[in-house]
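Trainee: I would like a close look at one part of this chain, the nonpolar core and the residues around it. Please set it in the context of the whole fold.

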Amino acid sequence: MPRIKIALPERFVFSTEIPIYIGHINYGHHLDNAALIALVAEARVRFFKSLGYSELDVEGVGIVVADVAAQYRSEAFHGETLVVEMAADDFNKFGCDLVWRVSDQASGREVARGKHGIVFFDYAARKPVGVPAAFAARVGAA
């Protein structure tokens, strides 16, 4: 089976710090894979908030996470603070990828990289909608 390989963008437009708590640790004494996805989800909420949005209101429409891919690079441990960087990339008619990199704040060691494929969604009509132009402009989409 081929391994997942995530290409990172030239620059990230957002960064946030998130500590690793004991509840994020698994029986192997390192960051649990499900906890990593939850921490990145927290970063995603912060990303939208930094732009003046919520996940239910991006220029009047919401988002749906359509897919997730992660590539683990190293272990992370209780007490470390993670830096999660995020950027929007690979736009299409209805959405884009939110590409992210997670690193240990103290050492700079890369812990993981990945992407969440998002689709913009009209929750009232229950259907996908086009990418809001104002959002694309704010995150630097070409």
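Mentor: Start with the order of the elements: along the sequence, the chain runs β-α-β-β-β-β-β-α. That gives two helices and six strands. Keep in mind that this is a predicted model.

The overall dimensions come next. The C-alpha trace spans about 45 × 30 × 30 Å along its principal axes. A compact globule of 142 residues would have a radius of gyration near 14 Å, and the chain has 16 Å, which agrees. Of the 142 residues, 42% are buried. The accessible surface of the chain is about 7800 Å², and carbon and sulfur atoms account for 53% of that area. As for charge, there are 15 positive and 17 negative side chains, and the centres of the two sets lie 4 Å apart.

Now the core itself. The largest nonpolar core has 33 residues, and the members that touch the most others are F47, F48 and F135. Two or more residues come from each of β1 (14-19), α1 (33-50), β3 (81-89), β4 (95-104) and β5 (110-122). Helix α1 gives the largest share, seven residues.

Leaving out residues up to four places away in sequence, F135 touches F47, F48, L51, Y53, V58, E59, A88, F91, C96 and F120. Two of these partners, F47 and F48, are themselves among the core residues that touch the most other members. By residue number, F47 and F48 fall in α1 (33-50), A88 in β3 (81-89), C96 in β4 (95-104) and F120 in β5 (110-122).

A134 sits in helix α2, which covers residues 133-138. Its relative accessibility is 32%, so A134 counts as partly exposed: the value lies between the 20% limit for buried and the 50% limit for exposed. Again leaving out residues up to four places away in sequence, A134 touches Y53 and E59. For a sense of distance across the model, take H78: H78 and A134 are 56 residues apart along the chain, and their C-alpha atoms are separated by 39 Å.

Methods. Residues numbered from 1 in each chain as written. Predicted model: local features only at pLDDT ≥ 70, side-chain atom pairs only at ≥ 80, totals over all residues. Heavy atoms only, no water. Core = buried A, V, L, I, M, F, W, Y, C linked by side-chain atoms within 4.5 Å. Buried < 20%, exposed > 50% of the residue type's maximum accessible area, 1.4 Å probe, protein only. Helix = DSSP H or I, 4+ residues; strand = E, 2+ residues; numbered from the N terminus. Contact = heavy atoms within 4.5 Å. Rg over C-alpha atoms; globule rule 2.2 N^0.38 Å. Areas by Shrake-Rupley, 256 points an atom, 1.4 Å probe, with all protein chains shown as cover. Lys, Arg positive; Asp, Glu negative; His and termini not counted. Charge placed at Lys NZ, Arg CZ, Asp CG, Glu CD.
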